[in-house]
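The sequence and structure come next.

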Amino acid sequence: MLVTRRTLLRTAAALATAPALRSADHSGLITLSPSPEDLEMPVGGFMDEITPQENFFVRCHTMIPKVSLADWKLEIGGLVNEPKAFTLDDLKKFPHVTLVSVLECAGNGRSFYQPRLPGAQWQFGSVGNARWTGVRLRDVLAKVGLKPDATQLLMDGADVPMGKMPDFQRTLEVKKALHPDTLLAWEMNGKPLTAEHGFPLRVIAPGWASDSWCKWLVRLEALDRDFDGFWMKTAYRHPAQHVAPGTAVDPKDMVPVTDLNVKSVIASPEYFARPGAVTVVGMAWSNASPVTKVEISTDAGKTWALAKLGGTPTKYGFRRFTYQWKATEGDHTLISRATNAAGQTQPVEPEWNPNGYLYNAAQPRSVRIADAREGHDSVGLPNPPAPASYKADCMVCHDDHMMIQQRITRGQWDREITKMTGWGAEVKAEDRSALLDYLAANFKP
Ligand SMILES: Nc1nc2c(c(=O)[nH]1)N[C@H]1C(S)=C(S)[C@@H](COP(=O)(O)O)O[C@H]1N2
Ligand SMILES: [Mo]
């Protein structure tokens with residue numbers, strides 16, 4: 001189907017009039033993009049071992065779909081002996097499982113990469129830790145009988161793409177799907193999933209980045225081959241080997257993002273503290289291999305000391321760490337560095353990759369120790385008036401915030417315009433250079 005600007009506007013208008021389904025108050029989150037919603041948890045959120053719903057980051061590629069439980073079912077087909085559709089009540093008949101796991105966006109930390117990369121400019125907080133309740137995916141698959149030649153499970157949610165953007169469809173390796181910790185969950189922290197987190201059902205793939213945690217799940221299809229949709233073949237891939245920052249990588253040398261990296265974030269102190277005894281507090285997490293050690297440096301990495309691990313250890317969850325610091329007046333650089341049971345440690349140098357995934361460098365943080373807090377700068381908004389095409393072509397689906405947080409080069413904006421035109425934005429040839437000038441001048445690195 002050809003998507004004209006009219007149909008695009010109509011879709012946007014229809015979605016805009018749908019009732020608000022968000023049930024959590026997200027006013028404490030950092031808005032990267034209000035629509036579709038990309039909301040980040042501020043570093044203070046790393047004080048909580050279990051992240052409450054209102055503090056939990058939100059990442060949506062499209063508008064949140066309106067799902068009515070009365071019409072909802074999960075269809076399972078493809079290479080199975082007996083294709084079936086399950087209601088939520090049907091699923092609730094399988095044995096229930098509750099587990100604690102971190103959910104982290106593959107793009108978390110993207111904003112720290114140099115050279116900079118396009119995409120949502122997450123800093124620390126596109127990650128949270130929750131208690132998920134549901135059933136084992138493998139129990140449900142046993143009911144439909146997965147055929148022996150099935151290798152991948154295609155997951156599809158109820159979300160509909162905007163314009164000509166490809167539908168968010170991803171596959172899970174059958175081996176991961178059959179792992180006893182892989183769940184189909186309807187509850188987060190003891191409450192039904194809210195709309196933004198995937199009501200009524202989402203995939204829980206502990207230890208893996210959250211692009212594999214399909215929300216609003218409506219269909220699973222067993223395949224005997226790799227799926228070649230955009231979100232598997234092009235997106236969510238990173239180089240198999242280390243590459244120098246800025247290198248163009250041949251797509252054949254890229255592999256899908258799966259396991260998370262070991263990581264830690266200091267929650268407190270955030271920017272300021274008074275001189276004297278200061279408790280450094282934060283959270284560390286990892287993949288299927290639990291965190292075994294967190295080290296702290298208060299002198300920009302010259303010396304390191306062991307932090308104390310606290311809280312409740314879980315296989316896939318946040319692990320609290322604390323460190324008692326005798327802070328003296330002045331500016332200090334704090335760094336935390338976690339290690340897991342497999343011996344993986346956070347690197348000092350970020351592992352740059354062309355899509356900006358799985359950032360886990362031990363991140364230096366500046367803290368001022370002083371008796372009085374001093375003022376800080378605020379971010380300025382773009383100045384010269386925008387060309388009409390900015391409003392007509394970009395603002396149909398986005399909002400200024402999406403542009404502000406990018407901070408990318410002119411060449412990168414040029415490629416973004418090409419990508420967006422491919423996805424249905426109707427940028428007229430005569431408008432393109434003014435639009436590019438505006439984007440490049442106002443939303444630069
Ligand atoms: N159906 C569907 N599932 C999805 C997505 C999506 O856009 N559509 N986004 C994925 C990505 S990239 C992330 S980071 C997580 C975000 O989960 P959250 O919004 O519950 O924090 O959902 C994942 N599951
Ligand atoms: Mo993500």
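How many residue pairs are in polar contact between domain 1 and domain 2? The count is 17, with both residues at pLDDT 80 or more; a polar contact is a pair of N or O atoms within 3.5 Å, where within protein one must be able to donate a hydrogen and the other to accept it, and residues adjacent in sequence count only if both atoms are side-chain atoms.

## Model and domains

This is a predicted model, in which local features need pLDDT of at least 70, side-chain atom pairs count only at pLDDT 80 or more, and totals for chains, interfaces and linings use all residues. Residues are numbered from 1 along each chain as its sequence is written, chains are lettered from A and ligands numbered from 1 in the order in which they are written, and side-chain values use heavy atoms, leaving out hydrogens and water.

The assignment, automatic or from a database, divides the protein chain into domain 1 (5-256), domain 2 (263-369) and domain 3 (388-442). Between the C-alpha centres of domain 1 and domain 2 the distance is 27 Å.

## Contact and buried area

Contact (heavy atoms within 4.5 Å) involves 44 residues of domain 1 and 32 residues of domain 2. About 3300 Å² is buried between these domains, with 63% from carbon and sulfur atoms; this is the accessible area (1.4 Å probe) lost on putting the two parts together, summed over both. F46, E49 and Y113 lose the most area on the side of domain 1, together 22% of what that side buries.

## Salt bridges

The interface of domain 1 and domain 2 has 3 salt bridges, each a side-chain nitrogen of Lys or Arg within 4 Å of a carboxyl oxygen of Asp or Glu. E104 and K263 form a salt bridge, with their closest N and O atoms 2.8 Å apart.
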